[in-house]
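Dear colleague,

I am passing on the structure we talked about. The sequence and the coordinates come just below, and my notes on what I found follow them.

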Amino acid sequence: MALDLDDVKRVAHLARIAVDETEARAVLSQMNDVFGLIEQMQAVNTSGVEPMSHALDVTQRLRADAVTETDQRAAFQAIAPQVEDGLYLVPKVIE
Amino acid sequence: MHNATLKSLSAELAAKRVSSVELTRIFLNRINKLNDKLNCFITLDEDASLKQAKAADRARAAGRAQPLTGLPIAQKDIFCAKGWLTTCGSKMLSNFVSPYDAHVVERLNAAGAVILGKTNMDEFAMGSSSETSYYGPVRNPWDPDTVPGGSSGGSAAAVAARLAPAATGTDTGGSIRQPAALTGICGLKPTYGLVSRYGMIAFASSLDQGGPMARTAEDLGLLMNAMAGFDARDSTSLEREPEDYTRELAKPVKGLRIGLPKEFFGAGAAAGVMKAVDAAIAQLRGLGCETVDVSLPNMKLAVPVYYVLAPAEASSNLARYDGVRYGYRAPDYSDLTDLYRKSRAQGFGAEVKRRILIGTYVLSHGYYDAYYIQAQRVRRLVARDFTEAFKRCDVILGPTSPGTAFRLGEKMNDPVQMYLNDIYTIPANLAGLPGMSIPCGFDEKGLPVGLQVIGNYFSEARMLGFAHQYQLATDWHQRTPPGVE
């Protein structure tokens, strides 16, 4: 299986990363090399094998539904690219 | 003084032969002299370091000293430290002054350690050479034309060049062990879940694990005592009784069963590497260890599995960098989507973008089962091989890396060649097992070779004891790079 240029552009769009034509071509050939490597594991018969999502098969810990975080808005907004009146600014989304 | 271990520096501090301020200055002076050449550190803050050192001296004077009190330790720039620039080697975070401490940083601070600086690394820990950093490549003190390995290459090179007595690292596919091997130091990736990932910038969350890097196994144990511990803020942190990781240092290795997987001893590694590893095994037999042949039949699938799982998890973790709340924002954009696209295109380097694209692809509609779920199933097969092997042995040995330090630029344009550096280290990450690298010799070019020790779950104390006994019988860990007296 080989990827084509449209695949690269599609995933770049999904990942919200701007790529120009030259970059897309360079990435395409490297991605195909990597998928060549990945192919080895696709032929393995894994019927009956449970997917392993955690190294120790522990289940997610639950905590009490209580407020644990303190208000740190000022500290967090101090490092934001653009804020005003305690709000994060982005380009206009709704006309 | 800069050649001393943490253990002996701790004794010097306790005997009042040196203060933490003096010790911190010694290392800061060495950094100021040598960092231009090696590029180990991204950020230094002498005032902040010396402030911590003064506090450590006061704590000691007040009789409140702990084993690490006053010891300067370098932090990999993946760990958030309050008030410190924390870049993760990326332009994306080149303006990110962390508003909080990682759990590891909190614990080391509470133990009285001094943050010596933030070390250079592959961008977002994605790399095996420390060349993908936005801050330029790190150089290996054994030969400045070669790489120190990665991604914790700044930490490794700093410890090897005696710019720091110890450092923190993180290991997703070998990022503690491989640079430790390539620079002739020791590094331990603990059992997954022992060291909290809170404040440790995420790459592939089911694999990432923080750990210590130092010059002796004994020092790794001292650091583990401070770094490991339950933290409710990391959902994968394990709730276990605290343990003393130095408790088995004095235990003889006689009768210990060493598993030698045939897959580690095939034609994969360089002759100079295998010669040193074989010599170490022979010496360990001389110390009374037994060797057992074992097999990890699915090991060849570990790298392919890793390059599905790690990019998939990375593409999800790195979605947070959008140029809105913190980090880099592109100067010009037309609308919100354009702001995202340009901030991410300009803020991430080539390797990070490549992995995000691979990860996005394998998680995308129609491919999820064929790639991601299949990789998780094969991951279990790789883990089961270890379960079988550990029925017959106490530790598994082999090379850490197939080669010694390679030249800068040599593998930068061939991702697959770069990825194969981690062929021996990735299996332990997939299984969640502890893995360690300790120096075991040099190749024909005079470059260090690392011996990898993989233990069963939670057997860190046993592994460190084993490594310590080997280090009592050898002096590879005491060798210094050329020019380091």
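In α11(B), the buried residues are B:V352, B:K353, B:R355, B:I356, B:L357, B:I358, B:G359, B:T360, B:Y361 and B:V362. Please keep in mind that this is a predicted model.

That makes ten buried residues out of 14 in α11(B), so the helix is largely enclosed by the rest of the structure. A residue counts as buried here if 20 or more other C-beta atoms lie within 10 Å of its own. The cover over the buried residues of α11(B) comes from both chains: it includes α1 (5-14) and α2 (21-42) of chain A, and α9 (302-317) and α12 (368-389) of chain B. The length of the helix also checks out: α11 covers residues 350-363 of chain B, and at 1.5 Å a residue it should span 20 Å, which agrees with the 20 Å between its end C-alpha atoms.

The axes of α1(A) and α11(B) are 9 Å apart, and the two helices pack at an angle of about 95 degrees. Angles of 65 to 115 degrees count as roughly perpendicular, so α1(A) is roughly perpendicular to α11(B). On the chain A side the residues that meet are A:D7, A:V8, A:V11, A:A12 and A:L14, and on the chain B side they are B:L357, B:T360 and B:Y361.

Now the contact between the chains as a whole. Chain A puts in 43 residues and chain B puts in 55. On the chain B side, the elements that give two or more residues are α9, α10 (336-347), α11, α12 and α13 (415-419). The most comes from α12(B), with eleven residues. Sorted by class, the side of chain B that touches chain A has 32 nonpolar, twelve polar and eleven charged residues.

Chain B itself has 15 helices and eleven strands. Its radius of gyration is 21 Å, close to the 23 Å that the globule rule gives for 485 residues, so chain B is as compact as a globular protein of that length. Along the principal axes, its C-alpha atoms fill a box of roughly 65 × 55 × 45 Å. Buried residues make up 64% of the 485 in chain B. Of the contacts in chain B with a separation of 6 or more, 76% are between residues 24 or more positions apart.

Some single residues are also worth checking on screen.

B:Y340 is in helix α10 of chain B. With 23 other C-beta atoms within 10 Å, B:Y340 is buried. Leaving out residues up to four places away in sequence, B:Y340 touches A:R16, B:D322 and B:G323.

A:R16 sits in the loop between α1 and α2 of chain A. A:R16 is not a glycine, yet its phi is positive, at about 55 degrees. A:R16 counts as buried, with 21 C-beta neighbours inside 10 Å.

B:F458 is another residue other than glycine with a positive phi, near 65 degrees. B:F458 lies in the loop between β11 (448-455) and α15 (460-473) of chain B, and it is partly exposed, with 17 other C-beta atoms within 10 Å.

Finally, B:G150 and B:S151 are joined by a cis peptide bond, with omega at about 10 degrees. B:S151 is in the loop between β3 (114-119) and α5 (153-160) of chain B.

Regards

Conventions: Residues are numbered from 1 along each chain as its sequence is written. Chains are lettered from A and ligands numbered from 1 in the order in which they are written. This is a predicted model: local features need pLDDT of at least 70, side-chain atom pairs count only at pLDDT 80 or more; totals for chains, interfaces and linings use all residues. Helices (H or I, at least four residues) and strands (E, at least two) are DSSP runs, numbered from the N terminus. The expected span of a helix is 1.5 Å times one less than its number of residues. A residue is buried if 20 or more other C-beta atoms lie within 10 Å of its own, exposed if 12 or fewer, and partly exposed in between; C-beta atoms are placed from the backbone. Two residues are in contact if their C-beta atoms, placed from the backbone, lie within 7 Å. The radius of gyration is taken over C-alpha atoms; the globule rule is 2.2 Å times the number of residues to the power 0.38. Axes are lines fitted to C-alpha atoms, for helices over the stretch in contact, and angles run from 0 to 180 degrees between N-to-C directions. Angles under 35 degrees count as roughly parallel, over 145 as roughly antiparallel, 65 to 115 as roughly perpendicular and the rest as oblique. Ala, Val, Leu, Ile, Met, Phe, Trp, Tyr, Cys and Pro count as nonpolar, Asp, Glu, Lys and Arg as charged, and the others, Gly among them, as polar.
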